[in-house]
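Here is a short briefing to read alongside the sequence and the 3D view. Have both open as you go through the topics below.

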Amino acid sequence: MKEENFLKYVLRLLPIAYMAAIWIMSSLPSNHFVELPDSEIDHFIKESLHLIEFAILYVLLVLAFLTRERGFSARLNVLCAVIAGLYGLTDEIHQSFYTYRSASWFDLVKDVTGISVCFYFIRGALFKGRFVRLGKVLGFVRKF
C-alpha cells in the first residue's frame, strides 16, 4: 500500500477513534486520568477543555472528508460542524447518566463555540481566500 493511501485511511479513521475516546472518557470520573493539586485550577482547565474537545473533532472530520475523491464543498464543511456539535450534545446526554459526571447547556455552548472558531478559520482558508498558510496545509491533505 502506498504511503499516501495509508495516510488517507488513517485520516478517515481518526474521527471515529476520537469519538470513541470521548465516549469512553465521558463514562469515567473527571479525575480518572489526572487531578491537579489545586482543585480550582483543575476545574478551570477541565472546563476549558470543552472549548477544544469538539473543535478537534470538527477538524478531524474536515481532514477525513478532504481525503475523498470528490471535492470538499461549503455544505460538507457545515455538515462537519453540525456532526461535531450533535456529538457534543450526545456527549452531554451521555454524561447525564453518570452520578459522578455533570451535563449542562453551558458545556454544550462551550463545545459549539470551539467548533465555531475552527469553522471560521477553515471556511476562510478553503472558501474565502483568507488564512493562506492554513489553506496550504488543508490543500496538502486534499492531495492524498
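In what order do the elements of the chain run from the N terminus on? They run α-α-α-α-α-α, and the chain has 6 helices and 0 strands. Please keep in mind that this is a predicted model.

**The chain as a whole**
- The chain has 144 residues, and 34% of them count as buried.
- Its accessible surface comes to about 9,200 Å², with 68% of that belonging to carbon and sulfur atoms.
- If you take the contacts between residues at least 6 apart in sequence, 64% of them join residues at least 24 apart.

**Helix α4 and its neighbours**
- Helix α4 covers residues 74-95, which makes 22 residues.
- From first C-alpha to last, α4 reaches 32 Å, close to the 32 Å expected at 1.5 Å a residue.
- Buried residues of α4 include L76, C80, A81, A84 and Y87, along with D91, E92 and H94.
- Which helices do the buried residues of α4 pack against? They pack against α1 (3-26), α3 (50-66) and α5 (105-127).

**A nonpolar patch on the surface**
- Six names to find in the viewer are I41, I45, L49, L51, I52 and I56, which form a nonpolar patch on the surface.
- Together these residues have about 470 Å² of accessible area.
- Helices α2 (39-48) and α3 each supply at least two residues of the patch, and the largest share, 3 residues, comes from α3.
- L51 lies in helix α3 and counts as partly exposed because its relative accessibility is 36%, between the cut-offs of 20% and 50%.

**Aromatic pairs**
- The count of aromatic pairs comes to 6.
- F72 and F127 form a stacked pair, at 6.3 Å centre to centre and with 15° between the planes.
- This pair links distant parts of the chain, with F72 in the loop between α3 and α4 and F127 in helix α5, 55 residues apart.
- Is F72 buried or exposed? F72 is buried, with a relative accessible area of 7%, whereas F127 is partly exposed at 31% relative accessibility.
- Y120 and F131 make an edge-to-face pair, because their planes sit at 65° with the ring centres 5.7 Å apart.
- Here too distant parts of the chain are linked: Y120 is in helix α5 and F131 in the loop between α5 and α6 (132-142), 11 residues apart.
- Y120 is partly exposed at 38% relative accessibility, and F131 is partly exposed with a relative accessible area of 28%.
- Ring pairs also bring in F121, linking Y120, F121 and F131 into a cluster.

**Salt bridges**
- How many salt bridges does the structure hold? The structure holds 2 salt bridges.
- One of them joins the side chains of K8 and E69, at 3.8 Å from N to O.
- That pair links distant parts of the chain, from K8 in helix α1 to E69 in the loop between α3 and α4, 61 residues apart.
- K8 is buried, with a relative accessible area of 8%, whereas E69 counts as exposed at 73% relative accessibility.
- D107 forms a salt bridge with K110, and their closest N and O atoms are 3.1 Å apart.
- D107 and K110 are 3 residues apart in helix α5, so about one helical turn separates them.
- Both D107 and K110 are buried.

Conventions
Residues are numbered from 1 along each chain as its sequence is written. This is a predicted model: local features need pLDDT of at least 70, side-chain atom pairs count only at pLDDT 80 or more; totals for chains, interfaces and linings use all residues. Side-chain values use heavy atoms; hydrogens and water are left out. Helices (H or I, at least four residues) and strands (E, at least two) are DSSP runs, numbered from the N terminus. The expected span of a helix is 1.5 Å times one less than its number of residues. Buried means under 20% relative accessible area, exposed over 50%, partly exposed in between (1.4 Å probe, protein chains only). Contact means heavy atoms within 4.5 Å. Patches are made of residues with over 30% relative accessible area and no salt bridge: like charges are joined within 9 Å, nonpolar side chains (Val, Leu, Ile, Met, Phe, Trp, Tyr) within 5 Å. Accessible areas come from the Shrake-Rupley method with a 1.4 Å probe; for residues, only the protein chains shown count as cover. A salt bridge is a side-chain nitrogen of Lys or Arg within 4 Å of a carboxyl oxygen of Asp or Glu. Rings of Phe, Tyr and Trp (its six-membered ring) pair if their centres lie within 6.5 Å; planes under 30 degrees apart count as stacked, over 60 as edge-to-face and the rest as tilted.
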